[in-house]
Amino acid sequence: EESTAAAEVQNKLEESTAAAELQNKSNDTAELSYKLEESTADAELQNKLEVSTAAAELLNKSNATAELLIKLVESTAAAELQNKSNDTAELQFKLEESTA
C-alpha cells in the first residue's frame, strides 16, 4: 500500500514536472514570437525610413533640376535679348551711316 501511494506520488510529481516544462516551453515560444514581431516591426520601420529618405533625396534632386532649368531659360532669354540689342544697335548704326 505504501509503495502504491509512493508510486502515485511519483507519477503526480512526474506529471506536474512535465506540465511545468510544457508551460516553460509555451512561455519561451510566446517570448520568441513577441521578439519576432518586434523585429519585424523594426524592419518595417527601417524600410519606411529608407523609402522616405530616398523620396526626399529624389524631391531635392527634382527641385535642383527645376532650379537649373529655370536658370537655363533665364540665361537663354538674356542671351537672346542681348543678341536683339546688338542687332538693333547694328541696324541703328547702318541707318545712321546710310542717312549720312
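Let's start with surface. The chain exposes about 9100 Å². Carbon and sulfur atoms supply 59% of that area. One caution before going on: this is a predicted model.

How many of the 100 residues are buried? Buried residues make up 0% of the chain. The cut-off for buried is under 20% relative accessible area.

Now the fold. There is 1 helix, and there are 0 strands. The radius of gyration is 43 Å, while the globule rule gives 13 Å for 100 residues, so the chain is more spread out than a compact globule. Along the principal axes, the C-alpha atoms fill roughly 145 × 5 × 5 Å. The helix is α1, and it covers residues 2–99.

Next, charge. The chain carries 8 positive side chains and 21 negative ones. How far apart are the centres of the two sets? They lie 9 Å apart.

On to salt bridges. A search of the whole structure finds 3. I'll take them in order along the chain.

First pair: Glu31 and Lys35. Their closest N and O atoms are 3.4 Å apart. Where do the partners sit? Both are in helix α1, 4 residues apart, which means a separation of about one helical turn. Lys35 is partly exposed, at 45% relative accessibility. Glu31 is partly exposed too, at 43%.

The spacing in helix α1 is 4 residues, so about one helical turn separates Glu67 from Lys71. Glu67 has a relative accessible area of 47%, so it counts as partly exposed. Lys71 comes in at 46%, also partly exposed.

Lys94 is at 45% relative accessibility, which makes it partly exposed. Glu90, at 43%, is partly exposed as well.

Last item: a nonpolar patch. Which residues form it? Leu69, Leu72 and Val73 do, on the surface. Together they have about 290 Å² of accessible area. Leu69 is found in helix α1.

To recap. The chain has 1 helix and 0 strands. Buried residues are at 0%. The search finds 3 salt bridges. And Leu69, Leu72 and Val73 make a nonpolar surface patch. That's it from me.

How values were computed. Residues numbered from 1 in each chain as written. Predicted model: local features only at pLDDT ≥ 70, side-chain atom pairs only at ≥ 80, totals over all residues. Heavy atoms only, no water. Helix = DSSP H or I, 4+ residues; strand = E, 2+ residues; numbered from the N terminus. Rg over C-alpha atoms; globule rule 2.2 N^0.38 Å. Buried < 20%, exposed > 50% of the residue type's maximum accessible area, 1.4 Å probe, protein only. Areas by Shrake-Rupley, 256 points an atom, 1.4 Å probe, with all protein chains shown as cover. Lys, Arg positive; Asp, Glu negative; His and termini not counted. Charge placed at Lys NZ, Arg CZ, Asp CG, Glu CD. Patch = residues over 30% accessible without salt bridge, like charges linked within 9 Å, V, L, I, M, F, W, Y side chains within 5 Å. Salt bridge = Lys/Arg side-chain N within 4 Å of Asp/Glu carboxyl O.
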